[in-house]
Amino acid sequence: MDAKVIKQEGQTLKIVGTSPVRPDGTPKVTGLARYGADFALPGMLWGAILRSPHAHARIRAIDTSKARALPGVKAVITAEDFPEQKFEFVGPERVAVNFWHMTRNVMAREKVLYEGHAVAAVAATSKAIAEEALRLIEVDYEPLPHVIDVDAAMQPDAPLLFEDMITRGIDPPPGKPSNIAKRIEFNIGDLDAGFAAADEIVEMSFKTAPVHQGYIEPHACLARFDSNGQGELWSASQGHFVVRAFTARLLNMNIGDVLVHPAEIGGGFGGKTVIYVEPLAAALSRKSGHPVKIMMSREDVFKATGPTSGSSMTVRIGVKKDGTLVAADGVFKFQAGAFPGSPVMNATMCGFAPYDIPNVRSVGYDVVSNRPKSAAYRAPGSPISAFAVESVMDAVAARIGMDPLKFRLLNACKTGTPTVWGPKHAHDGYAETIKAVLAHPAYAAPLGKNQGRGVASGFWFNNGGESSATVHVNEDGTVVVATGSMDIGGSRASMAIMAAETLGIEYDDVRAIVADTASIGYTHVTGGSRVTFATGIAVVEACKKVIVELCARAAMIWKLEPGEVVWENGCAKPAGAAAGKFEPMPLKAVAAKRALTGGPIGAEASVNAGGAAPGFATELCDVEVDPETGSVKILRFVVAQDVGRAIHRSYVEGQLEGGVVQGIGWALNEAYIYDDAGHLLNAGFLDYRIPVASDLPMIETVLVEVPNPNHPYGVKGAGEVNIVPAMAAVANAINNAISRRLTDLPMSPPKVLAAIHSGRKG
Amino acid sequence: MRVVLISSHSGHYTGGVKEFEIEAQTLHDVIRVLNQRYPGLGEHLEEETSVAIDGEIHEVAYYHPVRPGCEIYFIPKIEGG
């Protein structure tokens with residue numbers, strides 16, 4: 001059930017909002033944290049994966065006989081080792097899972113659909129033998145024409161990835177197959193009438209490059225099977241319950257026969273909400289009878305795991321001379337990669353969400369192409385559409401001569417503003433982020449030669465959902481908090497803070513851990529900025545149950561009725577008619593008498609948390625453009641985000657800084673570069689340029705706190721919306737510096753230089 | 001109360017009808033009424049949508065109270081990164 005709201009008025013918070021030492025810090029910096037690749041078992045084999053050299057090819061035959069005959073090879077698998085899956089979309093629209101697609105993504109069947117697509121896998125007694133065995137596998141390919149660019153993939157004569165794919169979302173359905181998996185459209189108002197009423201209309205088209213999440217830790221998994229057919233996995237993911245469910249499904253196992261241990265995770269940003277190596281390691285282990293470990297290389301990560309989509313977009317916005325928005329139209333075309341499922345629906349829903357616009361149409365296309373299947377990436381979809389919308393908003397503000405922040409403030413959504421997907425906004429927070437940047441000293445700071453300033457805003461839903469937590473009081477009065485949420489952004493620290501705050505004890509007396517899939521109730525992925533909200537509610541609910549029990553135990557010690565004891569400041573205290581009869585009894589004292597009063601003290605809570613409040617961010621970027629090279633230097637970056645309430649302040653600030661830095665990389669440097677044959681040319685961090693510290697100023701964070709009344713401490717979620725405005729803020733700053741509107745990401749030096757020399761003003 | 005179906009698949013069950021006026025006490029009642037009118041729609045709403053009640057987004061769950069005059073939108077489920 002939803003948690004009851006703890007009223008925050010007058011609530012004095014002692015620990016929430018502080019920045020205590022994070023529990024994962026020391027293990028990580030001393031090298032003692034155990035990631036997926038760090039686990040080993042006796043008799044363990046090494047797994048290796050054979051990957052497609054072709055962007056698109058039919059598999060005529062696979063001969064593994066020579067590999068199987070190699071001494072030291074214990075198992076070889078292909079798609080034949082996985083049961084066929086029914087073709088059906090299961091689950092919600094945006095993230096509907098089609099296991100027919102999923103099993104083909106982890107191991108190609110009829111065709112390979114991108115360079116790096118897994119074709120076979122080997123388990124052997126050493127890495128060298130496994131690699132040698134891969135070279136002995138003979139695959140007979142029939143190369144096929146390929147297509148990568150989203151606009152090219154939508155052409156009627158484009159090579160088809162699936163010869164029978166009919167676009168969903170069009171009524172009546174098209175008569176011919178295409179690479180367009182789905183069309184989505186949202187509308188409010190009367191678009192034609194809206195544009196007819198506009199005094200000014202600005203329309204622009206944009207393209208964005210596909211980019212990778214760039215997590216530092218490659219995927220890795222250790223799998224073992226018992227003789228009774230039960231499997232066990234050690235895997236770094238953003239959701240070990242999802243790893244369990246997907247792996248069990250692809251191996252035709254019961255969910256309860258798979259146990260997944262959460263390893264420490266070296267970044268995910270959405271890219272580790274899906275599976276790649278886990279079912280392969282498990283299948284090799286089942287076939288060989290040995291534990292099997294598979295570790296991806298960085299090249300594997302780039303070539304075979306989900307980046308986010310590249311896109312092609314057109315946005316048109318109409319405005320009155322007084323700055324009132326009257327109409328907006330967006331068409332967003334997203335690369336899904338080799339299988340349907342880009343985040344284009346989110347893009348269509350988020351792009352115009354910050355604004356009160358009476359007439360809106362938002363159209364999306366989910367398009368397959370010969371690239372790895374896209375995976376979630378930090379507010380998936382929203383940064384892409386925001387790049388287009390916020391660039392046009394900047395141009396509209398300039399057209400009517402308004403300050404770009406005041407223009408946004410004039411049109412900012414608030415509680416009661418309709419959204420293009422139907423419901424009215426139920427929370428404020430956006431205007432507060434704009435005001436925070438307006439009031440920031442950076443907004444009035446002078447600029448120098450070749451320098452420019454840009455602003456942009458963004459929206460992300462945040463999320464709730466299913467979470468579980470247990471709270472156990474140890475013999476010495478310290479407390480263990482266990483949850484099912486993988487910790488990718490500081491959740492152990494924030495759970496410990498919320499537990500300590502609720503129980504009234506010290507932060508250092510709480511140890512927060514992530515429990516395996518057999519030791520805690522189902523918990524959904526760590527994604528959607530949901531954990532501090534939803535799992536936090538579960539932790540607080542469990543703590544409240546523990547408090548009830550602590551009061552009952554104290555009542556037994558004092559020979560009072562349970563109703564005569566309350567919990568205050570970490571102590572049981574006689575109340576009502578019994579008030580003052582006994583000195584308050586601290587938690588440690590109650591714990592010391594646990595055996596005398598009924599045994600161990602603990603509680604579990606599971607929730608399906610609703611009422612998540614969205615996140616808004618407004619950002620300011622100052623750049624300097626080198627007119628000779630086109631190089632763009634970020635001089636200053638301010639991010640103001642409504643987080644509801646920061647539980648662990650410095651961790652939340654880190655989330656804002658991280659999102660901005662990823663957005664800067666997306667804006668200026670990052671892109672997948674392919675040759676004419678569809679081969680990825682920059683599958684490594686030397687050539688795929690993510691920002692490093694020396695590229696950046698210190699990111700200036702402003703935590704706007706408009707509490708969410710649906711969370712005991714006001715949490716909204718902090719992890720994602722910070723990336724949403726970043727690319728547009730950089731683009732708007734470049735436009736301000738050189739009077740040229742760049743509409744094609746990344747805005748690399750050659751493109752900036754070409755724009756400078758084009759003579760075309762933005 | 002006004003009930004609106006935004007999920008595009010809902011149209012398969014309702015023949016394209018998207019808006020309804022329903023009297024109910026809980027979300028469970030809303031789903032049951034819709035499923036009686038359009039068999040199969042209830043399972044679709046339970047499994048494949050989120051719900052916004054007066055703008056507050058929740059996962060679909062039976063126990064959510066709905067007040068007279070409120071607005072209920074069944075929307076595509078949102079996940080993040």
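Helices (H or I, at least four residues) and strands (E, at least two) are DSSP runs, numbered from the N terminus. Counted that way, chain A has 20 helices and 26 strands. The model is a predicted one, so local features need pLDDT of at least 70 and side-chain atom pairs count only at pLDDT 80 or more, while totals for chains, interfaces and linings use all residues. Residues are numbered from 1 along each chain as its sequence is written, and chains are lettered from A and ligands numbered from 1 in the order in which they are written.

Take the overall build of chain A to begin with. Its radius of gyration (taken over C-alpha atoms) is 27 Å, close to the 27 Å that the globule rule gives for 762 residues, so chain A is as compact as a globular protein of that length. The rule itself is 2.2 Å times the number of residues to the power 0.38. Along the principal axes, the C-alpha atoms of chain A fill a box of roughly 85 × 75 × 50 Å. A residue is called buried if 20 or more other C-beta atoms lie within 10 Å of its own, exposed if 12 or fewer do, and partly exposed in between, with C-beta atoms placed from the backbone. On that count, 57% of the 762 residues in chain A are buried. Two residues are in contact if their C-beta atoms, again placed from the backbone, lie within 7 Å. Among the contacts in chain A between residues at least 6 apart in sequence, 79% join residues at least 24 apart.

Now for a sheet in chain A. Two strands pair if DSSP finds at least two bridges between them, and an open sheet of four strands comes out in the order E19-E18-E17-E23, with mixed pairing. Strand E19 (510-514) and strand E23 (601-609) stand at the edges with a single partner strand each, so one side of each is left without a neighbour in the sheet. On average, neighbouring strands of this sheet are turned by 20 degrees against each other, direction ignored. Inside the sheet, strand E17 (residues 465-473) and strand E18 (residues 479-483) of chain A pair in the antiparallel sense over five bridges. His472(A) sits opposite Val480(A) in E18(A). Helix H15 (residues 531-558) of chain A lies across E17, E18 and E23, and runs at about 145 degrees to E23(A). Axes here are lines fitted to C-alpha atoms, for helices over the stretch in contact, and angles run from 0 to 180 degrees between N-to-C directions.

Most residues other than glycine have a negative phi, and most peptide bonds are trans. Against that background, a cis peptide bond joins Asp171(A) and Pro172(A), with omega about 0 degrees. Pro172(A) lies in the loop between helix H5 (150-153) and strand E7 (180-188) of chain A. Another cis peptide bond joins Leu745(A) and Pro746(A), also with omega about 0 degrees, and Pro746(A) lies in the loop between helix H19 (726-738) and helix H20 (749-758) of chain A. Lys559(A) is not a glycine, yet has a positive phi of about 55 degrees. This lysine is found in the loop between H15 and strand E20 (565-568) of chain A, and with 8 C-beta neighbours inside 10 Å, Lys559(A) counts as exposed.

On to chain B, which has three helices and five strands. Along the sequence they follow the pattern β-α-β-α-α-β-β-β. The radius of gyration of chain B is 11 Å, close to the 12 Å that the globule rule gives for 81 residues, so chain B is as compact as a globular protein of that length. The C-alpha trace of chain B spans about 35 × 30 × 15 Å along its principal axes, and 43% of the 81 residues count as buried.

Within chain B, helix H2 (residues 27-37) and helix H3 (residues 41-48) pack at an angle of about 140 degrees, with their axes 7 Å apart. That makes H2(B) oblique to H3(B); angles under 35 degrees count as roughly parallel, over 145 as roughly antiparallel, 65 to 115 as roughly perpendicular and the rest as oblique. Ile31(B), Arg32(B), Leu34(B) and Asn35(B) in H2(B) meet Leu41(B), Gly42(B), Leu45(B) and Glu46(B) in H3(B).
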